[in-house]
Amino acid sequence: MYIYLPVAEISIPAESVLLLGGIVGFLSGVFGVGGGFLTTPFLIFMGIPPAVAVGTQTNQLVASSVAGSIGHWRRGNVDFKIGLIMMAGGIGGSIVGIGIFTLLQWLGQVDLAISILYIVLLGGIGIMMLTESIWAATHKKTVRDQFNTQKVSGFIAKLPYKMRFPRSKLYISALVPGGIGFVGGILASVMGIGGGFLLVPAMIYILGMSTIVAAGTSLFQIIFTTAVASLLHAVINGTVDLLLAILLIIGGVIGTQIGVHMGRSIKPSHARMTLAILVLLVSLQLSYNMFVRPAELYSTVLW
Amino acid sequence: MPFVLFILSFMVFAVPNALAQGSGRDYGQSLAVDLASDHVDITTGFHGSRLVLFGVQKQPGTLAVVVKGPERTMLVRRKGQVLGAWINTRSVKFRRVPSYYDYAISGTGKNKLPTDLLREHGIGLDALYFDPDVSREDAAYIRDFQEALIRNKQAQGVYPVSAKPIKFISGDFFRAEFYMPPNLPSGRYEVHTYLIQDGDIIDDKITTLRVAQVGFNASVNRLASDHAFIYALLGLFIAVGAGWSINLLRR
């Protein structure tokens, strides 16, 4: 069934958007990542203008992160104290990110910036997660055991504003979760993603949180970061299409619930390995697109 | 004396006008056209439609129909290789690009029509002028960008690959049909019909077409542009509500 989108001003098959939302929601439930890194490229592939894809995606992420984090919250997987500090950083990051996005749009380098960010971030994290999860799987140990035995590195230990986080049993500077949240906020605005794929590993490896609490907490703070990004995209850029968002949401919330259930029965190291492979594939595809001469060198944009 | 001035002014204005538009004593009489519908309503279920033009040609000659959507400013960017990566390096801005364009020609097509005439009236893709905004007047450089823009519009389905035919139903009664794709831009369209005889336009007609979102879609679009903040809050309300309600239902 074709639906005409009022803001994107294009007609698209509703089923494909529902399916895309469902797959992304499923990933969100299993891994605690928003899955935006898949949605944005696919929406653009369907013919949705890139700016509308990014703007709308932020709105859909609010819904999927609310749905996902309630599931985690009921099982006690949300560290609210860390989440709130990350949220404060995240909102600041969102505002800065909107400024960067508008500037990049004007320069015509949105695609380039997104590609570089994806290749560097996804590639780096993918390799890191893959090696770690293979190691964990072969040594029958979880990553948390390994990392808790290590001392937090000197630089982070020296930072001021130290706080206790009872849920995660941590004593660490508030600047660290705040800074991670800030980076997440920039990514939400610029790339239309929740940034979970970056936040969750950062929370595991830098903060030393357990995988499941990192996933729950990251979803919790993504609600607020993406809400601010969505508000700003709608007001400043006029690029949020609610009909498209609703379709993505309907698919997404169903997928998320299935994912949260599945997530409990999947071994964490296997889940991370799958996510790492997925992330590396997207990164490789983007590198290919960037370095192989494109069939069409020209692109057009409404000015 | 005023009477003489009146006559003179009539001669000054009317006569060159008549000359400019060809020899036609019958100007305005030899062509009659109408659209099957003067508006295209974009509803939520819109998935493209057809624009049908009917007309009667009372003089022999070649017919040309040009359909143009509202003009927009477009920026065309070209990728170049920088440190091995393909990134946008050059750009040309075109100030008057029809957001939709299609045309139809009767009989043997535009091969036998003079280039100047085609260019003046924008008949055919080669005849379009997009008003480039560039500092340097390098015709070949601009042409590459313009051709790329046309290719891009063709890929989107808003520009034609070739001329549409004009079908004669009986004698001088004709019909032209254009496809309007699902991503049809909104706005006021102009449909120009020309009757060309021996390289001159002997008659022409302009009809307009209104393309607009209607009903639910129009309301959403208006809210998004006129009350962006309320629209954004509504969006967040829906998003939070949707996320929450699924969890409640599951309990």
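The structure is a predicted model, in which local features need pLDDT of at least 70, side-chain atom pairs count only at pLDDT 80 or more, and totals for chains, interfaces and linings use all residues. Residues are numbered from 1 along each chain as its sequence is written, and chains are lettered from A and ligands numbered from 1 in the order in which they are written.

Chain A contains 12 helices and 5 strands, where helices (H or I, at least four residues) and strands (E, at least two) are DSSP runs numbered from the N terminus. The radius of gyration of chain A is 19 Å, close to the 19 Å that the globule rule gives for 303 residues, so chain A is as compact as a globular protein of that length; this radius is taken over C-alpha atoms, and the rule is 2.2 Å times the number of residues to the power 0.38. The C-alpha trace of chain A spans about 55 × 40 × 40 Å along its principal axes. Of the 303 residues in chain A, 56% are buried, a residue being buried if 20 or more other C-beta atoms lie within 10 Å of its own, exposed if 12 or fewer, and partly exposed in between, with C-beta atoms placed from the backbone. Two residues are in contact if their C-beta atoms, placed from the backbone, lie within 7 Å, and among the contacts in chain A between residues at least 6 apart in sequence, 81% join residues at least 24 apart.

Chain B has 5 helices and 12 strands, and 31% of its 251 residues count as buried. Among contacts in chain B between residues at least 6 apart in sequence, 70% join residues at least 24 apart.

Two packed helices are described by the angle between their axes and the distance between the axes. Here axes are lines fitted to C-alpha atoms, for helices over the stretch in contact, and angles run from 0 to 180 degrees between N-to-C directions. In chain A, the axes of helix α3 (residues 50–74) and helix α11 (residues 242–265) come within 9 Å and cross at roughly 25°. The two helices are therefore roughly parallel to each other, since angles under 35 degrees count as roughly parallel, over 145 as roughly antiparallel, 65 to 115 as roughly perpendicular and the rest as oblique. The crossing of α3(A) past α11(A) is right-handed, a crossing being left-handed if the near helix is turned anticlockwise from the far one by less than a right angle, and right-handed if clockwise. The residues that meet include A:Ala63 and A:Ala67 in α3(A) and A:Leu248 and A:Gly252 in α11(A). By class, this contact has 8 nonpolar, 8 polar and no charged residues, where Ala, Val, Leu, Ile, Met, Phe, Trp, Tyr, Cys and Pro count as nonpolar, Asp, Glu, Lys and Arg as charged, and the others, Gly among them, as polar.

Helix α9 (residues 196–207) of chain A has 10 buried residues out of 12, so it is largely enclosed by the rest of the structure. Among these buried residues are A:Phe197, A:Leu198, A:Pro201 and A:Leu207, and just after α9(A), A:Gly208 takes a positive phi of about 85°. The axes of α9(A) and α10(A) are 9 Å apart, and the helices pack at an angle of about 135°, which makes α9(A) oblique to α10(A). Residues making this contact include A:Leu199 and A:Met203 of α9(A) and A:Ala214 and A:Ser218 of α10(A), and the contact comprises 7 nonpolar, 4 polar and no charged residues.

The contact between the chains takes 45 residues from chain A and 49 residues from chain B. On the side of chain A that touches chain B, the elements that each supply at least two residues include β1 (2–5), α10 (211–237) and α12 (268–291), while the largest share, 8 residues, comes from α3(A). The residues of this side divide into 31 nonpolar, 12 polar and 2 charged.
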